[in-house]
Structure formats: C-alpha cells, structure tokens
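Dear colleague,

Please find the structure that I am handing over to you below. My notes on it follow directly after.

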Amino acid sequence: MDDPAQLSEYGKILIILLIGALLVCATIFLARLISPKKNNPIKSGTYECGEEPIGSSWVQFNPRFYVIALVFLLFDVELIFIFPWATVFGQSEYIAADERWGWFTMIEMGIFIGVLILGLVFVWKRGDLEWVKPKVSLPKVPVYIPDSAYASLNNKTYQLRDYVAVADETVVGEVVTANEVVSVPKPAFKPRFKKPE
C-alpha cells in the first residue's frame, strides 16, 4: 500500500458496517414515519406464535426441555469440528510431506469421537435422555353398585337377532317386498356449471 489515499481491507469492512447500520436505521425511521398509528387493544396485545395471551405468564416448564436442548446443542457443536478436520485431513500435500500426518490425525479424531461417545453414554446412564413416562392407572369412580350385579349382567346370555335379515325387510318403518322399487331422495344441492365462452 504505497498510496495513503487507498483504503485498507479493514477500512472496507468499516465502510460496509457503516452502510449496513445506516440502512437499518433508515428503514426503522421510515417505518415509524410512514406507518399508520391506529392503536387498539388487539393490536397492542402480546403476540406469541399465534397463541392468545390468556392467564398468567408464570408457567412452569418441564426442565427436561432445557436439558435435552443443551445436550443436543453440545453434541451438534462438537460434531461441527469434524468438517474442518476432514478438509485438512483430505489434503494430499500434508500426507505426502510426512507419512505420519495421516495416522496422527486419525488417532486425534478417534480420541475426539471417543470423548463424545463417553459423554453420550454418561448422559444416557444418568437418565437425561429419558422422557417422563405416564403412569397408567385405571380410573376409580366410587359407585355403590355391587360387583355381583355386574357379574350377573356379564354372565347372562342374550338372544341376538340377525341384523342383515332385519335390514332387508324394513326401510324407514315400511315393509318392502322384493318387487317394489324404493324411491331414493334427490340430492338437496344440484351443481350448475357455466360453459366457457
């Protein structure tokens, strides 16, 4: 850089940051200037993912949400380190310069993944990956009917009628013979289509 009037790389970054901040500020100012100001209770209310803000905001969340999110974040961020390792490990110039480079990086990644697996086993054994399993229990309602009444109803044999035979004989309370034709009601809505011109 012989010419002092020429910007350095940091100067270019500074100009980009200044222009970005200026555009953001100008957009916010224009939005405040142009936007309509007709406040009402619905517009001034809290909007959170389409849910109605009803009740107290002090709601207890299960802490397992946070534990699982943190464990996911931890392993996800740690696995991101594998990508730069793979790009460096895949360069043939390093491997050609020293034969031990490939073995060194392979052992290094083996230790790294081993520590991640140990962490996963620790979290698993501790039970942080288990979700709350509901306790299944039959509802108990205090009724004053003796069990012998239920037993007598369940043990009694009932006469069953053939449903198909009954359905063939009766249609809306009328007896229909085999030769009669039953009128089917017309649909209440008849679609009308216009012909394209």
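How many salt bridges does the count come to by the rule used here? By that rule, which asks for a side-chain nitrogen of Lys or Arg within 4 Å of a carboxyl oxygen of Asp or Glu, the count comes to 2 salt bridges.

Before the details, a word on the origin of the values. This is a predicted model, in which local features need pLDDT of at least 70 and side-chain atom pairs count only at pLDDT 80 or more, while totals for chains, interfaces and linings use all residues. Residues are numbered from 1 along each chain as its sequence is written, and side-chain values use heavy atoms, with hydrogens and water left out.

**Overall arrangement**

The protein has 8 helices and 2 strands. These are DSSP runs numbered from the N terminus (helices: H or I, at least four residues; strands: E, at least two). Along the sequence, the pattern reads α-α-α-α-α-α-α-α-β-β. Of the 197 residues, 5% are buried; here buried means under 20% relative accessible area, exposed over 50%, and partly exposed in between (1.4 Å probe, protein chains only). The protein exposes about 19900 Å², and carbon and sulfur atoms supply 67% of this area. Accessible areas come from the Shrake-Rupley method with a 1.4 Å probe, and for residues only the protein chains shown count as cover. Among contacts (heavy atoms within 4.5 Å) between residues at least 6 apart in sequence, 49% join residues at least 24 apart.

**The salt bridges**

Lys12 pairs with Glu9 in a salt bridge whose closest N and O atoms are 3.5 Å apart. Because the two residues lie 3 residues apart in helix α1, Lys12 and Glu9 are separated by about one helical turn. Lys12 is partly exposed, with a relative accessible area of 41%, and Glu9 counts as exposed at 54%.

Asp98 forms a salt bridge with Arg100, with the closest N and O atoms 3.3 Å apart. Asp98 is partly exposed at 32% relative accessibility, whereas Arg100 is exposed at 61%.

**Two residues of helix α6**

Is Thr105 buried or exposed? Thr105, which lies in helix α6 (residues 100-126), has 3% relative accessibility and therefore counts as buried. Leaving aside neighbours within four places in sequence, Thr105 is in contact with Trp85 and Phe89.

Phe112 is also found in helix α6, and its 22% relative accessibility makes it partly exposed. Not counting residues up to four places away in sequence, Phe112 touches Glu78, Phe81 and Ile82. The C-alpha atoms of Phe112 and Glu78 are separated by 9.1 Å, although these residues are 34 apart along the chain.

**Surface patches**

Patches are made of residues with over 30% relative accessible area and no salt bridge; like charges are joined within 9 Å, and nonpolar side chains (Val, Leu, Ile, Met, Phe, Trp, Tyr) within 5 Å. Val59, Phe61, Phe65, Tyr66, Ile68 and Trp131 form a nonpolar patch with about 640 Å² of accessible area together. One of its members, Tyr66, is found in helix α3 (residues 64-80).

A positive surface patch is formed by Arg32, Lys37, Lys38 and Lys43. Lys and Arg count as positive and Asp and Glu as negative, while His and the chain ends are not counted; the place of a charge is taken as NZ of Lys, CZ of Arg, CG of Asp or CD of Glu. Arg32 belongs to helix α1 (residues 9-34) and is exposed at 65% relative accessibility.

Yours sincerely
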